[in-house]
Protein chains: 2
Amino acid sequence: MSQFERVTMRRAEQIELALAPRPHGTSLQRWLYDELRSAILTGRLSPGARLPSSRDLAARFALSRGTVLSVFSQLDAEGYLTGATGRGSFVAPELPDRRFDRSDRVSLKKHDGRTSAHERNGDNDGTARARGIALSSRGHLLARTPFQVSGRASPARAFRASQPDLDAFPFELWARLAAKRVRRTRRDLLGDGEAQGYRPLREAIAGYVGMSRGITCTADNVVVLGSVQQAIDLGARLLLDPGDTAWIEDPGYPGARFVLEAAGARVVGVPVDAGGVDVDWARRHVPDARLAYVTAGRQAPLGPPLALERRLSLLEWARDRGAVIIEDDYDSEYRFEGNPLAAMKSLDHDGHVIYCGTFSKLMFPALRTAYAIVPDRLVDPFVAALSLTARHVPLDQQSVLHEFIADGHFGRHIRRMRMLYGERAEALKRAADRHLFGLLEVPRIIAGLDAATFLSPGIDDAEMARRAAREGIETRPLSLYAIDRAAPPGLVLGFASIDSDAIESAVIALARALAR
Amino acid sequence: MSQFERVTMRRAEQIELALAPRPHGTSLQRWLYDELRSAILTGRLSPGARLPSSRDLAARFALSRGTVLSVFSQLDAEGYLTGATGRGSFVAPELPDRRFDRSDRVSLKKHDGRTSAHERNGDNDGTARARGIALSSRGHLLARTPFQVSGRASPARAFRASQPDLDAFPFELWARLAAKRVRRTRRDLLGDGEAQGYRPLREAIAGYVGMSRGITCTADNVVVLGSVQQAIDLGARLLLDPGDTAWIEDPGYPGARFVLEAAGARVVGVPVDAGGVDVDWARRHVPDARLAYVTAGRQAPLGPPLALERRLSLLEWARDRGAVIIEDDYDSEYRFEGNPLAAMKSLDHDGHVIYCGTFSKLMFPALRTAYAIVPDRLVDPFVAALSLTARHVPLDQQSVLHEFIADGHFGRHIRRMRMLYGERAEALKRAADRHLFGLLEVPRIIAGLDAATFLSPGIDDAEMARRAAREGIETRPLSLYAIDRAAPPGLVLGFASIDSDAIESAVIALARALAR
């Protein structure tokens with residue numbers, strides 16, 4: 001805009017109205033709208049001021065009059081302008097002046113992510129400017145991340161825990177099913193799905209857990225979710241009030257601990273030995289717990305399955321007390337000797353176990369589909385809570401997954417992976433016997449995607465994990481899993497996603513790191 | 001098994017071991033496992049008892065010896081049996097006897113879904129058998145469903161609220177994109193995604209809300225979620241402790257109310273008039289609220305956009321108090337006169353607004369993908385909480401959605417639907433003027449997928465909705481949206497998913513129902 005135009009406009013309208021040049025790629029209409037709105041918000045066009053006529057504006061800025069009228073009507077609808085047609089447009093008189101005068105561009109400023117009790121309590125004087133937004137007390141508990149997850153794609157790496165082998169997934173087949181599914185999509189797969197999950201998928205899951213985990217249930221007990229975390233979160237909120245006690249294994253999975261604590265639970269750690277978690281200890285020390293979280297198939301992180309008599313004792317306790325057990329069966333499909341153990345849920349005659357499984361570890365993590373087998377009496381509340389807080393997993397994906405299972409591909413994939421991972425477990429054990437003697441005790445590995453290994457008492461496992469990281473080896477110290485008491489020093493090593501040769505060289509690198 | 005065999009076995013093993021016939025379709029191995037386990041659990045095989053030798057069992061039941069040994073080893077691993085090879089197998093001695101003697105089949109019994117305080121408190125005698133599992137106090141709040149959702153696929157129907165037209169969605173195009181995406185899948189789309197959402201999709205969303213909603217933000221502020229409900233749930237838990245006050249519009253969206261109450265909020269309803277929610281009332285009556293939920297673009301259910309001066313006043317309050325505003329912008333893309341109004345978030349200089357939008361209403365509900373634009377300082381906690389309680393939306397779908405937006409299809413679809421729904425809104429208004437005069441006041445409809453219409457004062461709208469339902473017409477009474485005070489009697493009518501001819505005949509049927 002030339003100096004001449006600016007002067008002309010002031011004279012004509014008694015308003016200093018300078019419009020910034022139109023940025024490249026912005027439409028005329030958008031530009032005019034942004035400029036006028038900014039002029040109003042910054043007070044350059046004050047409340048009650050008359051705007052140039054649409055005819056004048058159009059002429060001065062070489063716009064069509066329709067464009068100007070359309071912008072005026074937009075600003076009018078948004079409350080910036082008032083004015084009857086033909087009598088001119090005015091800046092709305094009740095517009096609060098200078099409230100937002102610090103910037104004429106709408107922008108988000110950078111803030112420090114941290115908050116403090118001081119900020120939270122703020123200032124009781126309503127006119128003072130509070131600086132930040134404070135998290136609630138439970139918000140601080142909710143915003144914890146159990147393990148650092150990069151979130152970035154990164155290649156398979158020794159010895160990242162709980163990683164399946166993505167290269168071994170039959171992706172071509174999956175792609176064909178997905179494409180077929182997409183071509184055949186019916187209208188009823190576009191509308192709202194059932195919050196409980198796509199019924200054919202639920203039927204396939206009920207069939208699968210019946211066959212492979214010994215669980216007798218129907219599709220009515222199956223709830224499809226995005227993750228096991230979501231099942232724990234919903235279960236905890238449905239069944240615990242803030243201050244209620246829940247117990248978990250110690251050492252145990254911090255993701256479960258954090259989500260239970262964020263739900264307000266008082267979380268007690270129960271010791272683990274070679275028979276799994278010590279249920280007698282729990283019954284003596286925390287008999288009044290309302291919820292127990294257990295990894296009965298393969299204790300996370302130490303590995304032993306929960307002994308039968310403990311399973312029965314735990315079920316008895318739950319029945320006596322009206323408590324609930326969350327059984328997180330995250331990877332026990334992968335048992336390299338004999339068949340997978342039946343799930344504890346298979347003994348749950350009285351409906352006290354919420355059983356959770358996930359496809360993310362059995363297929364690929366990006367799938368993000370899990371399921372819970374829920375006792376009859378909890379199905380309705382569980383599904384209602386899921387619907388209220390999340391809705392459902394996208395139907396598309398549920399439908400492809402259903403075909404993958406129903407056509408037998410899922411079972412075949414599990415069997416192939418069981419062989420493959422079993423070989424890798426052996427490779428890890430062999431290499432460890434050769435290179436890690438006296439440094440790290442690697443027990444015989446009979447199940448899972450990763451294994452707990454042990455350092456000598458008194459060694460700082462976090463420090464050892466840092467040393468390993470400097471050699472390019474990823475491990476998780478067992479101390480990360482400690483709940484109420486120190487964990488035995490050791491490292492969790494994932495072996496499923498790297499081939500046997502790479503395992504041996506990584507073991508050598510690890511030995512180098514630990515020997516230092 | 002013949003009587004002869006049974007007797008023979010008893011003699012040989014001193015155990016009455018009758019095995020039920022093998023059900024059709026069950027493998028030999030599975031059958032033997034089930035039968036032996038059941039015999040142990042019901043006490044027919046008592047602790048310490050010696051099992052028939054594998055050779056005997058194999059011969060008697062015409063099984064391979066390998067099958068029998070494999071079942072023994074499975075039962076051994078599960079703790080039902082003990083026994084060194086060659087010396088025979090024994091039922092584990094420490095097996096608790098007769099604990100589960102009520103049934104020899106693993107089954108889930110049917111229970112009454114209801115629970116009561118009585119059941120919850122149960123019996124302090126640890127040996128008494130509690131009958132049920134009780135929901136927590138908040139569990140009862142969490143398990144409420146705002147509207148009856150059938151969950152079943154059903155054809156478009158007059159006048160179902162908040163339904164887009166599924167037949168108008170360019171599904172062929174979507175299928176092509178999905179198939180292309182599936183063929184090109186890279187390994188980095190199989191592993192864990194970022195909890196915050198697939199970055200290219202977040203960039204596309206930031207671009208979209210910048211263009212269409214006036215919000216200046218980057219991909220760093222965008223969080224991809226499964227639903228707006230999830231955003232409200234996470235926001236409430238991060239920012240409110242139980243007992244903290246939140247306010248919502250009255251009448252207002254019950255889905256928001258329920259999820260806030262389930263998070264422990266004391267929810268206050270703030271009156272709505274033609275300028276949207278009465279922010280001055282809220283500042284006078286609930287100045288200490290920590291969170292406000294508003295549908296600024298099109299007040300749900302009544303329709304008016306929030307007036308500019310109220311937006312500014314609301315933002316000022318949030319800034320003064322360190323409070324947060326959740327702006328649920330559920331369908332204001334569909335404005336039939338002028339352009340969509342800018343979002344309140346576009347005025348949020350200080351980072352107090354969590355803005356929520358959803359693709360489920362703009363594309364198709366089964367998609368189940370939504371997003372929040374989160375102030376800088378809340379991004380990290382929000383993403384951590386999402387990761388802890390849910391993980392992320394499946395990557396597959398995020399990637400297809402990204403292409404749909406980036407290639408311009410999304411914008412085109414919105415524009416086409418705006419035309420189509422605008423015509424249907426007019427058709428509804430025209431038909432109403434002709435057939436509903438004196439029965440139901442249908443205002444001019446300028447936005448959205450549905451509209452509030454009004455009955456005469458004193459009429460029971462729930463009764464009218466029931467009458468309409470008997471004529472096959474689906475409506476939602478405004479009374480469903482009442483929070484702390486009675487709502488004006490009326491019906492919400494959805495018009496977007498049915499064509500103009502069907503609209504007229506449905507209006508006639510509705511008139512018949514109301515005139516009765």
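**Reasoning from cut-offs in a predicted model**

User: In this predicted model, why is A:Ile483 called buried?

Analyst: Its relative accessibility is 12%. Buried means under 20%. So A:Ile483 counts as buried.

User: Where is A:Ile483 found, and what is it in contact with beyond its neighbours in sequence?

Analyst: A:Ile483 is in the loop between strands E12 (476-477) and E13 (490-494) of chain A. Leaving aside residues within four places, its contacts are A:Ile248, A:Glu249, A:Asp250, A:Gly252, A:Arg257 and A:Gly269. Take A:Asp250: it is 233 residues from A:Ile483 in sequence, yet the C-alpha atoms are 5.4 Å apart.

User: What makes A:Asp348 buried?

Analyst: A relative accessible area of 3%. The cut-off is under 20%, so A:Asp348 is buried. This residue lies in the loop between strand E8 (324-328) and strand E9 (353-358) of chain A.

User: How do you know that the side chain of A:Asp348 makes a polar contact with A:Val353?

Analyst: The side chain reaches the backbone nitrogen of A:Val353 at 2.9 Å. A polar contact needs N or O atoms within 3.5 Å, one able to donate a hydrogen and the other to accept it. The pair therefore qualifies.

User: Why is strand E11 of chain B described as largely enclosed?

Analyst: Because four of its five residues (450-454) are buried, the rest of the structure largely encloses E11(B).

User: What makes E11(B) and E13(B) a strand pair?

Analyst: Five bridges join E11(B) to strand E13 (residues 490-494) of chain B. Pairing takes at least two. So the two strands pair. They run antiparallel, with B:Asp450 opposite B:Gly494.

User: How do you know that the span of helix H13 of chain B is close to the expected one?

Analyst: H13(B), residues 376-389, has 14 residues and reaches 21 Å from first C-alpha to last. The expected value is 20 Å at 1.5 Å a residue. That is close.

User: What makes H13(B) mostly covered, and what follows the helix?

Analyst: Of its 14 residues, 13 are buried. Just after the helix, B:Arg391 takes a positive phi of about 75°.

User: Which residues have the most contacts inside the largest nonpolar core?

Analyst: They are A:Phe159, A:Trp247, A:Met363, B:Phe159 and B:Trp247, in a core of 251 residues. A:Phe159 touches residues well along the chain, including A:Leu428, A:Ile473, A:Val492, A:Ile503 and A:Leu510.

User: What share of chain A is buried?

Analyst: Buried residues make up 62% of its 516 residues.

How values were computed: Residues are numbered from 1 along each chain as its sequence is written. Chains are lettered from A and ligands numbered from 1 in the order in which they are written. This is a predicted model: local features need pLDDT of at least 70, side-chain atom pairs count only at pLDDT 80 or more; totals for chains, interfaces and linings use all residues. Side-chain values use heavy atoms; hydrogens and water are left out. Buried means under 20% relative accessible area, exposed over 50%, partly exposed in between (1.4 Å probe, protein chains only). The expected span of a helix is 1.5 Å times one less than its number of residues. A nonpolar core is a set of buried Ala, Val, Leu, Ile, Met, Phe, Trp, Tyr and Cys residues joined through side-chain atoms within 4.5 Å. Contact means heavy atoms within 4.5 Å.
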